[in-house]
Amino acid sequence: MTAPVFLFTPKTIEPADAPASAQPGSILMLTGPEARHAVTVRRLRSEEHVDLVDGTGLRLMCEVTGAGVGGAKDRLAVRVLQRIEEPAPPLRLTLVQALAKGGRDEQAVETATEVGAELVLPWQSERCVSVWQGAKQAKGRQRWQATALQAAKQARRARVPEVEEVRDTRELVDWVGKTVQNGGVVLVLHEEAGTPISTAMESMRLPAPGAAPLVLAVVVGPEGGISPEETAALEAAGAMTVRLGPHVMRTASAGPVALAVLAHTSGLWE
């Protein structure tokens with residue numbers, strides 16, 4: 001059975017410099033909600049194995065040495081067995097997801113995280129039924145980030161996708177232009193497109209070893225689809241409109257499926 005994954009921060013690990021100093025043999029103490037979950041929900045015991053990750057690529061493979069230390073249910077003592085620093089992938093898979101009703105957008109974020117997305121951009125498209133205004137913007141982003149965090153742990157990832165602030169179409173068009181200028185590729189999923197997604201990677205080259213990752217993004221519209229005006233604006237900024245397959249998928253599944261195709265085609269899953 002694979003070891004469960006728990007996220008730590010400098011505030012929930014003792015000593016606080018563990019991200020820099022932890023080596024095989026180091027004794028660490030996980031505290032806070034993650035430790036409470038490990039102790040009271042997973043009921044971990046001594047000699048069981050866990051992975052502690054920082055969300056940015058550091059994985060500490062550990063053995064539990066004490067659960068509920070000192071009678072506290074939010075303290076888990078571990079011994080580091082192995083330190084692994086997972087490099088960022090050469091392509092930064094990105095999901096640009098239009099807001100959707102019924103939790104379908106969160107479902108897309110969850111599955112995209114399992115596939116390997118590194119970045120998520122919420123999009124307030126013209127035809128979105130769901131609207132983030134005022135306080136809803138911060139709450140919506142927090143909800144998506146929490147979804148990505150839980151999905152990353154379930155998938156045993158050491159890297160948690162970053163959820164950025166919601167963008168309207170004008171802001172998204174600006175982002176697309178800058179991304180393409182920097183060598184990235186942005187694909188707009190559209191059922192009427194003539195270009196299949198399988199050919200979209202033909203002109204893209206992986207960055208040289210040590211170079212900054214390039215963005216590989218898919219744009220998914222809302223239930224009502226992307227308007228012709230939005231499609232034209234995105235294409236003018238440098239995006240490519242592509243067809244995912246012979247069938248029309250829901251907004252919850254289109255993005256993750258597209259990212260899976262791109263991850264396989266680009267060799268990220270090799």
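1. Cys-128 is buried in this predicted model, because its relative accessible area of 11% falls under the 20% limit for that class. Cys-62 is likewise buried, with a relative accessible area of 1%. A search of the whole structure returns zero disulfides.

2. Which elements each supply at least two residues of the lining of the largest pocket? They are strand S12 (214–220) and helix H7 (251–266). By class, the lining of the largest pocket comprises ten nonpolar, six polar and six charged residues.

3. For the second largest pocket, the volume is about 310 Å³. Its lining has 20 residues, of which Arg-92, Glu-118, Leu-119, Pro-213 and Val-215 are the closest to the centre.

4. Two or more residues of the lining of the second largest pocket come from each of strand S7 (91–98), helix H5 (169–181) and S12. Strand S12 also gives at least two residues to the lining of the largest pocket. The lining of the second largest pocket divides into ten nonpolar, six polar and four charged residues.

Terms used:
Residues numbered from 1 in each chain as written. Predicted model: local features only at pLDDT ≥ 70, side-chain atom pairs only at ≥ 80, totals over all residues. Heavy atoms only, no water. Helix = DSSP H or I, 4+ residues; strand = E, 2+ residues; numbered from the N terminus. Nonpolar A, V, L, I, M, F, W, Y, C, P; charged D, E, K, R; others polar. 1 Å grid on protein atoms, 1.4 Å probe; cavity = no way out; pocket = protein on both sides within 12 Å on 5 of 7 lines; lining within 4 Å. Points joined across faces, edges and corners; volume = space filled by probe spheres on them. Disulfide = S-S within 2.5 Å. Buried < 20%, exposed > 50% of the residue type's maximum accessible area, 1.4 Å probe, protein only.
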